[in-house]
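Keep the structure in view while reading.

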Amino acid sequence: MSDRELHCDNCEGVQTFETPPCVDGHGADCPELVCTGCGTAVLIATFAFPAPRLADRRPARRAAPHRRAA
């Protein structure tokens with residue numbers, strides 16, 4: 001079990017949080033944490049966003065008109 005110190009709203013202070021035994025197979029990376037002081041559970045959610053491609057966001061360039069000598 002891994003331990004972290006976080007602020008607990010119920011205890012109104014910094015408490016040690018630990019990961020409970022995870023039945024989902026996350027192991028030490030389980031997003032669920034439990035306060036060792038009062039037993040309040042919290043869920044640490046992480047989000048992964050793909051990096052946007054700049055080529056997809058740029059407007060298409062128009063070809064410059066070819067100039068002719070007069």
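## Terms and model

Helices and strands are runs assigned by DSSP, a helix having at least four residues and a strand at least two, and they are numbered from the N terminus. Two strands pair if DSSP finds at least two bridges between them.

The model is predicted. Its mean pLDDT over the protein chain is 80, and 80% of the residues score at least 70. Among the elements, strand 2 has the highest mean pLDDT, 92, while helix 1 (residues 54-57) has the lowest, 61.

## Overall layout

The protein chain contains four strands and one helix. Along the sequence these elements follow the pattern β-β-β-β-α.

The four strands make an open sheet in the order 1-2-3-4, with antiparallel pairing. Strand 1 and strand 4 (41-43) are the edge strands, and each of them pairs on one side only. On average, neighbouring strands of this sheet are turned by 40° against each other, direction ignored.

Strand 1 covers residues 3-8 and strand 2 covers residues 13-18; the two run antiparallel and are joined by six bridges. One of the paired positions is Leu6, whose bridge partner in strand 2 is Gln15.

Strand 1 and strand 2 form a hairpin with four residues between them. Glu12 lies in the loop between these two strands. The phi angle of Glu12 is near 60°, which is a positive value in a residue other than glycine. Is Glu12 buried or exposed? Glu12 counts as exposed because its relative accessibility is 68%, and the cut-off for exposed is over 50%.

## Strand 3 and its neighbours

Strand 3 consists of residues 32-35 and runs antiparallel to strand 2, to which two bridges join it. Glu32 stands opposite Leu43 in strand 4. The hairpin of strand 3 and strand 4 has five residues between the strands, and Gly39 in this hairpin takes a positive phi near 90°.

Which residues of strand 3 are on the covered face, and which are on the uncovered one? Leu33 and Cys35 make up the covered face, whereas Glu32 and Val34 make up the uncovered face. In a regular strand, side chains alternate between the two faces of the sheet.

## Phe17

Phe17 lies in strand 2. Phe17 counts as buried because its relative accessible area is 1%, and buried means under 20%. The C-alpha atom of Phe17 is separated by 9.0 Å from that of Val42, although the two residues are 25 apart along the chain.

## Cysteines

How many disulfides does a search of the whole structure find? The search finds zero. Cys35 is in no disulfide; its nearest cysteine sulfur belongs to Cys8 and is 3.8 Å away. Cys38 is also in no disulfide, and its nearest cysteine sulfur, that of Cys11, is 3.7 Å away.

Cys35 and Cys38 fall into separate accessibility classes. Cys35 is buried, at 3% relative accessibility. Cys38 has a relative accessible area of 39% and is therefore partly exposed.

## Surface and contacts

The protein chain has 70 residues, of which 10% count as buried. Its accessible surface comes to about 6,500 Å², and carbon and sulfur atoms account for 51% of that area.

Contacts can also be sorted by how far apart the residues are in sequence. Among the contacts between residues at least 6 apart, 19% join residues at least 24 apart.

Notes. Residues are numbered from 1 along each chain as its sequence is written. Side-chain values use heavy atoms; hydrogens and water are left out. Axes are lines fitted to C-alpha atoms, for helices over the stretch in contact, and angles run from 0 to 180 degrees between N-to-C directions. Buried means under 20% relative accessible area, exposed over 50%, partly exposed in between (1.4 Å probe, protein chains only). Contact means heavy atoms within 4.5 Å. Accessible areas come from the Shrake-Rupley method with a 1.4 Å probe; for residues, only the protein chains shown count as cover. A disulfide is a pair of cysteine sulfur atoms within 2.5 Å. pLDDT is the predictor's confidence in each residue, from 0 to 100.
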